[in-house]
Amino acid sequence: MFIRNTWYVAAEPQELDSGPLGRTILSTPIVLFRTESGQVSALENRCPHRMVPLSLGKVVGEHIQCGYHGAQFDAQGSFKLVPGQTSLPNVCVRSFPTVVKHGYIWIWMGDPEQATDLSSIPDFMYRGDHPEWDGGYGHFESIQAAYSLINDNLFDITHAEYVHPGSFGGEEMRIYRRSEPGIDFIDQKMTYDIQEREITFRLRSLGMEHGGPFYRWMVSTGMGVEHYSGKVDLDMRVDWGAPSFTSFLLNARPHGEQADRGVQVCNMHAITPETEASSHYFYRSVKNYGGQELVGPFIQGVRAIFEQDKPILEAQQKNIGTQGIAAMRPVSFAGDLLFQKARAINEALLEAEQALAPAVTL
Ligand code: FES
Ligand SMILES: [Fe+2]
């Protein structure tokens, strides 16, 4: 069961540069393509003639041409040409609304009449496509794990000490377990704020001697020195938007420096369900300081972190199988609080959607 009346990331724009792209989203095969005039379109990836995926065809002007017998469809999925035939079948390939925003192509898989509402595209994703933020070093991966498990993982800073000891992790980050409601940065505490479909939390750790090595890397590169060995002050603001968007804004500086003089890195994660047990993971990391010389190590670091999470999540999914994790009655730790809140938000959205539009099927 998926939340449908919401925008998901379908692709990065450059993925359509070489022609139609086939991708399964919410268990539905989709073809994404860009016409010659630049219009982005998403259709069901199945030609109504002999059911061949349209993604095996090509773009011809404003149409997509099926790779089997050459039928052409416009961006809305209407037949425009059947080679050697004057009459056209009066059927349409199902189309899905798309929009380009924050450097991504977004898709609406629910009731098309509600697609004019863009409010489910989180504003905090803006740094993915903003001149003050260097990069857009995004990459796409497919993970054999449910989107909800990836959501849990992103909320759960406590795993960093064990899964990411060379970057974000460290004993000093255990402050995540000391949480209270609020919107202020409090040293050695995590504060959180829960809205209708967004959760924000903030951590501050002043005077870190070890902490996560990545924060020290930020300070060193911000100062332009090989290795800064003093204490580090860190602020981390995390914004989550339902169903599956997370932005980590990190501010690191030498101990005692004003927060507004820190250097910042933002990691944005957009998770799109592929099936009930697999996901598309769109990842983008940007920074607001330094030059191109930092890009290589920066991407390398990000990639390494991603590779550390992936086997854990996939092994976890294997152990859970097709049932939801809740059915297995997992034990709870203090650090689980926020992902449980996020799960409750998503479940409420799903229930509300099903109560209003039980007939939406694909
Ligand atoms: S299968 Fe597409 S035109 Fe025949
Ligand atoms: Fe992780």
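Which helix holds Phe 306? Phe 306 lies in helix α4, residues 295–320. The model is predicted: local features need pLDDT of at least 70, side-chain atom pairs count only at pLDDT 80 or more, and totals for chains, interfaces and linings use all residues. Residues are numbered from 1 along each chain as its sequence is written, and side-chain values use heavy atoms, without hydrogens or water.

**View 1. Phe 306 in helix α4**. Helices (H or I, at least four residues) and strands (E, at least two) are DSSP runs, numbered from the N terminus. Phe 306 counts as buried because its relative accessibility is 3%. Buried means under 20% relative accessible area, exposed over 50%, partly exposed in between (1.4 Å probe, protein chains only). Ala 355 is 49 residues from Phe 306 in sequence and 37 Å away in space, C-alpha to C-alpha.

**View 2. The open sheet of four strands**. Its order is β2-β3-β4-β9, and the pairing is antiparallel. Two strands pair if DSSP finds at least two bridges between them. β2 (21–25) and β9 (95–96) are the edge strands, each pairing on one side only. Five bridges join β2 to β3 (residues 28–34) in the antiparallel sense. Leu 21 has Leu 32 of β3 as its bridge partner.

**View 3. Strands β1 and β11**. β1 (residues 7–11) is mostly covered, with five of its five residues buried. Four bridges pair β1 with β11 (residues 104–108), antiparallel. Ala 11 faces Ile 105 of β11 across this pairing.

**View 4. Helix α1, mostly covered**. Eight of the nine residues in α1 (147–155) are buried. Among them are Tyr 147, Leu 149, Ile 150 and Phe 155.

Methods. Chains lettered and ligands numbered in written order.
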